[in-house]
Amino acid sequence: MDGQKARERGYLEVEHTADWGLRAWAEDLPALFCTAAEGMYALMDVRLAKGPEVSREIHLEAADLESLLVAFLDELLYQVENGHAFARMDLSIAGGRLDGSLRGKPIETRKKEIKAVTFHQLEVRQGPKGWETTVIFDV
Amino acid sequence: MVPLSSFIRITDYEWELPKTYRKDMRAAVRVFASRRLLEKSLGDQSIEQAVNAATLPGLVGDVLVMPDMHQGYGFPIGGVAATRWPDGVISPGGIGYDINCGVRLLASFVRYEEAMPLLGELAAALDRNCPSGVGTEGALSLSGAELDQACRQGARWALKKGMASEADLRRTEENGCLDGADPARVSARAKERGRSQLGTLGSGNHFLEVDVVEEIFDAEACAAMGLEQGCLALSIHCGSRGFGHQVCSDSVQAFQGAVKRYGIHLPDRELVCAPLDSPEGQAYLGAMRAAANFAFLNRQLLAHQARRAFEETFSGRFKNVHLHQVYDLAHNIGKIETHQVGGESVKVCVHRKGATRAFGPGTPGLPEEYRTMGQPVLVPGSMGTGSWVLVGTQGSMERSFGSSCHGAGRVLSRSEAKRRVRGDALRADLQSEGIHLRAGSLAGLAEEAPEAYKDVDEVVETVVGAGIARKAARLRPVVVVKG
């Protein structure tokens, strides 16, 4: 992951002995979820192919924001395993629901595997400057 | 950070953090470590995570931590926690995403000195026969019904297909098949992810390694295992691939609601759990066992493919090129076992997260040839260093729920390892030491550099000193295949 570029985009890799951590921040919740997704793609070093555009509609429900974030990133990991990643995401998050329209491309290469998104010390927090979270991935 | 002064020294290799350390602890934490290894481990979250695990309802005895511990998520890696059957809890995060990640060791009577000129060829043949790396698929693609059957039968499924022998199954933990696997409890997504991944190694810290049996410490045990000094052995480290990852992800998500329903309060949401006899606990047990069986079968298929590579390389050049099974074991798993606690037989669910079962002599469930010596305990070291074959003891039965260490244990983060080590320089170093290397990515190689791990010999000295395993043989790597 390119540290400088990542900071400009609103995420940063967090050191962890065995796994990977990602801190992400953004002005609002949909942007936070998109930024976390972008950071996760960067950790895996996902490169998109030039092929035809792929699109997906997703609808997720969860009891709280942390569960919703895990479900969202888990959905994207599954899509990665199927060979797709999304550069444009239009998300709406309200009342424990996430509805999203995702547009992306087939994956040309990815160098790293993330096994899963964990709940370890996970919090989606609102601060004075917007929203932030730190996610630990099992790799 | 937990200060060293909070621990009570039991012996040179055993320390206790009493349950008075934090109000919410339901049990003490007992660490098997030398003072040096314990001090080193205080630098990350390992012990805090063990303290968090000590808050689980229904714990029996102490939460145990092995000397190869390092920070994980929820539980520490190297953690062992036993909960009372049937009202204690089961925690999917205490078993891990890679359900039944484990190690299989095979051995041969091919002499290293004679095989040396052919090791490059062998490395290429293993790489060709055993798919590894990110997103790779295996040669098998099972129908839904076949996959369900495979998850019920585990490694036994391969027997009917001519890809396993009775001896392989006999020398596998639980004979390669956990009873009670219920594919109906596994999500369609987990099955879809797993369907094309049987017979693949994956990436990360998973590997396939050819070793030479360098030193024998217990001649009788090595004779029973078929380990002969100077001969080649082969170890396989991998697990249940996307199938297991998805089973755990689904369960950790589902259990977020279960803890509320059962009024369980936890310091970390990754520790979510449910009573073993609850509908949620039973559903997870059924799915977890299906994933464990998937992993037993995966390592069986990889062993079959590795045997093919041995034959392609050595047939006609040596008389006996067969790779016979030494043992196959899990180091991320939850098992229902009966242990002696306070003079009574207690049925418990032993969570082993980065810890190996290490049953001692006379324990039911071991194959006849290992019954008097105890079970082989396979401890792979970091890439390019050494690996150990240990044997379970009476001490492990008495003090660690029949468990021991599982490897060297990380000390550096992946980023720090990459800052300190260049993949190409590491490859050159390993090659200059006579190790033939096949690696999918140089960055991935740097992340797994020996410097990123503790010294496996120090870890082994600790478990031996603590009496929860004894030495049988030390292995030295000569071929490494990584994704």
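**Exercise 1.** In which helix of chain B does B:Arg241 lie?

*Solution.* Before starting, note that this is a predicted model, in which local features need pLDDT of at least 70, side-chain atom pairs count only at pLDDT 80 or more, and totals for chains, interfaces and linings use all residues. Residues are numbered from 1 along each chain as its sequence is written, chains are lettered from A and ligands numbered from 1 in the order in which they are written, and side-chain values use heavy atoms, with hydrogens and water left out.

Step 1: B:Arg241 belongs to helix H10 of chain B; helices (H or I, at least four residues) and strands (E, at least two) are DSSP runs, numbered from the N terminus.
Step 2: Check the backbone: phi of B:Arg241 is positive, about 55 degrees, although the residue is not a glycine.
Step 3: B:Arg241 counts as buried because its relative accessibility is 3%; buried means under 20% relative accessible area, exposed over 50%, partly exposed in between (1.4 Å probe, protein chains only).

**Exercise 2.** Find what the contact surface of chain B with chain A is made of.

*Solution.* 
Step 1: Count the contacts (heavy atoms within 4.5 Å): 40 residues of chain B meet 31 residues of chain A.
Step 2: Take the buried area, which is the accessible area (1.4 Å probe) that two parts lose on being put together, summed over both. The two chains bury about 3100 Å² between them, 42% of it on carbon and sulfur atoms. B:Val134, B:Arg189 and B:Arg269 supply 19% of the area that chain B buries against chain A, more than any other three residues.
Step 3: Look for salt bridges (a side-chain nitrogen of Lys or Arg within 4 Å of a carboxyl oxygen of Asp or Glu). There are nine between chain B and chain A, and A:Glu15 forms a salt bridge with B:Arg419, with the closest N and O atoms 3.0 Å apart.
Step 4: Turn to the elements: H10(B) gives the most to this side of chain B, with eight residues.
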